[in-house]
Amino acid sequence: STMSIEKHEIKISTTGSAGSASGSAILALPLCELVAVYLNYHASAPATTDVTISSPGNPAALTILTRSNSATDGWFYPHVNDHDNAAAAVTGSYSDPVVHGNLLIEVAQADALTDCLVLTTYVRV
């Protein structure tokens, strides 16, 4: 079977006080590899905004990307360190992270905004 790239989008709104508003959303995905994400912040999102993207669940959670104190839109290509057969990290060798079925997107330290963050992700299935 051939691998293909799928595009998914999710919007995260935040609630709470200015500078400390937060919000989260779960994007349901098939078992896949994450290739790229685009973070598109609301025009009024403060520079204190934090974004954490993780894959919760079985067998264990994996933090894929943590971006702190930024509201600048951008492309990101998160990777995980490869390991050799003795479980040692291989210097300079990385792979696309496996998503266990769900992607959790958490926004913190923001202002209360509808669609504070629009996340577009590209996954290989």
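Author: Let us start with strand β8, which spans residues 89-95 and includes Ala-89; helices (H or I, at least four residues) and strands (E, at least two) are DSSP runs, numbered from the N terminus. This is a predicted model, in which local features need pLDDT of at least 70 and side-chain atom pairs count only at pLDDT 80 or more, while totals for chains, interfaces and linings use all residues. Residues are numbered from 1 along each chain as its sequence is written, and side-chain values use heavy atoms, with hydrogens and water left out.

Reader: Is Ala-89 buried, partly exposed or exposed?

Author: Buried means under 20% relative accessible area, exposed means over 50%, and partly exposed lies in between (1.4 Å probe, protein chains only). Ala-89 counts as partly exposed because its relative accessibility is 48%.

Reader: Which residues does Ala-89 touch, not counting those up to four places away in sequence?

Author: A contact means heavy atoms within 4.5 Å, and with that exclusion Ala-89 touches Asn-81, Asp-82 and His-83. Ala-89 and Leu-39, by comparison, are 50 residues apart in sequence and 29 Å apart in space, taken from C-alpha to C-alpha.

Reader: Where does Ser-70 lie, and which residues is it in contact with?

Author: Ser-70 lies in the loop between β5 (62-67) and β6 (74-76), and it counts as buried because its relative accessibility is 11%. Leaving aside neighbours within four places in sequence, Ser-70 is in contact with Tyr-41, Pro-46, Ala-47 and Thr-49.

Reader: How many salt bridges does the structure hold?

Author: Side chains of opposite charge can pair when their charged atoms come close. A salt bridge is a side-chain nitrogen of Lys or Arg within 4 Å of a carboxyl oxygen of Asp or Glu, and the structure holds two of them. In one, Arg-124 pairs with Glu-33, the closest N and O atoms being 3.0 Å apart. This pair links distant parts of the chain, with Arg-124 in strand β11 (residues 117-124) and Glu-33 in strand β3 (residues 32-41), 91 residues apart.
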